[in-house]
Amino acid sequence: MADVVQYRLERMTNELNDLEQRGIFTRREISEIVKKRTKFEYRLKRPSPLKQDYLSYIDYETQLDSLRRLRKKSVMRELQKQGLKTTKKMKKSVSDFAGIMRILDIYRLAVMRFKGDIELWFRYLEFCRQKRNGRMKKVLADVIKFHPKVPGVWIYAAAWEFDHNLNVEAARAIMQSGLRVCTISEDLWIEYLRMELTFLNKLKARKVALGEDEGTFTRDQISSDKKQWRDENKDLFMSLNDEGENNEGSDDENEKSIKKISKFQEQGFSIIRTIYAGAVEALPSSFSLRKRFLEILEATDLVNSEEIHREILSDMKRDFSTEPGYWDWLARLEYNPGSKEDISEEVALSQIEKAIQFYEEAIEVLPTATMLNQYAKFLNGVVTLPKLENKPSGISTPSTLLLRAYEKVKTMGYIDEDLACQHISFLLQLGRLEEARKLADNLCSGIFSNSVKLWQLRISIGIRHLTRDSMSPSKAELLSIYELFQDVLTRVPISEAESLWLMALKFFANQKIYFGKLVEISIKSLTKDGGSEHGFSLSAAIVNFVLQKDGLSHAREMYKRFIALPHPGLALYRACIELESNLASIGDRGSLVHARKLYESALKTYDQDLSLWRDYYLMETKMGTSETASAVHWKARKILEDTTALVTPDL
């Protein structure tokens, strides 16, 4: 290994001597460069070098070469100030090429070591493209050999041949070879089509520039001043053709230019048709591929474009009429509520009616929850447009259609939780509070009896209904709201009903009787389910409410009740410890005693929790004594199974 490293370092001698002779680096700097390179070379020659070793070496050499270029420019400026000739001294030499060649060599070693790392291969390709050193073709051949199933490799190679080498035949051959290997790659088919159309556009632009085709620039263009002078003095000129040669000639030129334009359009049409047929044969079930073909077709001016447009749409309807995504895309092709195009009211109304017709047809063909959900989302976007709600009588408004769609979903039995919530929310938006309340009652007592979202909507509607007439509900009304909360909270697990618990605690915070009943329900649920170690902690939330409402003493009584339950959650302990620690930090010695008791109680259950031990130790170092802190540290070393975790600044 040492011999190989020494050999590679000896090959750098000419480069380093050249750098010193030119005054770019000093001898001391060159010595540091040799040390750095020696360290990197030994890393690369160990039995299992890492990818980062190669990348670090490349980064170092890249920065070194950038510094060399800056130093060279500085030396040239100094020589010019002294009035010396810089041509001979600063002409290209070995040091100007050695850095790039070394980086290329490191890249070559790296990709041979990590052949499967496609990201590393692309970094190598990008470096070769930027430096233009002539290795690009060989590197492309290697990456294609090792990664023939990666479509991006073929696209990159074809793009380089097309854009850099201007070799269309080679780019076309690469694309066709890639399509034979990666037949099911959508991106490869699309990029092949783009490349062919780009080439066709370049040919057309070339003919326009040469004056052989219609365009802005023509070969025999006459200036406006000259044309005006000739028109004013046309009597001075004798026509060589009494029949009007100019008119006939212009007609012939127009016919020729039209033929040439139509020829390019026909070629483009033929290309799209051929590639489309091959792509559909290779990917018959790809909906996104055909959408992308249509997008390209709409952006291209071709002969018979309407014909192929209809053909693609017909094929899509034949192959994807059973997929909701197709119908949703087809309708939004007519009108998309999310688009920001400025169109007139009449045009928008016409487009929306066509889109609704597509959705209505889709529901007849495909009456599923997904399809109806997409229809409802579309109508939700349309409903926000006020001008469409004021339509003539006898014509269904988007609001009416949306309600009809919701009812159809419900009667057909395809309703899901999200759609049910949307239906209720839309009724509330329309101000139909009673209808929304009845619908929520029906759904919560039926198929969505465990849905937290629907229960939250139902209870919020009930609260709004009760407080509509008076701000202070009666005892009977409070009882009805409590019974709703009781019904769902005793059925749904605590981990799923966080929003409902917080809603109930907030609503009954000032109602001592009902708040106490909620505490009893929570104790029963925690006894059954256990405490939560992560995320929402119901017991900690109740303690916080009691602290804000009744003060510290009641909060201590409450958390002692929860800690006495089987397996209290770690989140509860942390919340209570934080409460007592904050009070202890402002001089309350009694709170420090309570905090110690909480830590001791928590560590009986969670004795392997390192963060808990660390927090306990930090509290003792800040607010306790050195003896108590040492006792915590000794106890942690004795109990923790992983003692290596104790080697920290805190423990």
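Two exercises with worked solutions follow. The model is predicted, so local features need pLDDT of at least 70 and side-chain atom pairs count only at pLDDT 80 or more, whereas totals for chains, interfaces and linings use all residues. Residues are numbered from 1 along each chain as its sequence is written, and side-chain values use heavy atoms, with hydrogens and water left out.

**Exercise 1.** Describe how helix H29 and helix H30 are arranged.

*Solution.* 
Step 1. Helices are DSSP runs of H or I with at least four residues, numbered from the N terminus. H29 covers residues 589–605 and H30 covers residues 610–623.
Step 2. Their axes come within 11 Å and cross at roughly 160°. Axes are lines fitted to C-alpha atoms over the stretch in contact, and angles run from 0 to 180 degrees between N-to-C directions.
Step 3. H29 is therefore roughly antiparallel to H30, a term for angles over 145 degrees.
Step 4. Residues of H29 in the contact (heavy atoms within 4.5 Å) include Leu592 and Tyr599, and those of H30 include Trp613 and Met619.

**Exercise 2.** Locate His147 and decide whether His147 is buried or exposed.

*Solution.* 
Step 1. His147 lies in the loop between helix H7 (136–146) and helix H8 (151–163).
Step 2. The relative accessible area of His147 is 10%, so this residue is buried (under 20%; exposed is over 50%, partly exposed in between; 1.4 Å probe, protein chains only).
Step 3. Not counting residues up to four places away in sequence, His147 touches Lys115, Gly116, Asp117, Ile118, Trp121 and Val153.

Terms used:
Helix = DSSP H or I, 4+ residues; strand = E, 2+ residues; numbered from the N terminus. Parallel < 35°, antiparallel > 145°, perpendicular 65-115°, else oblique.
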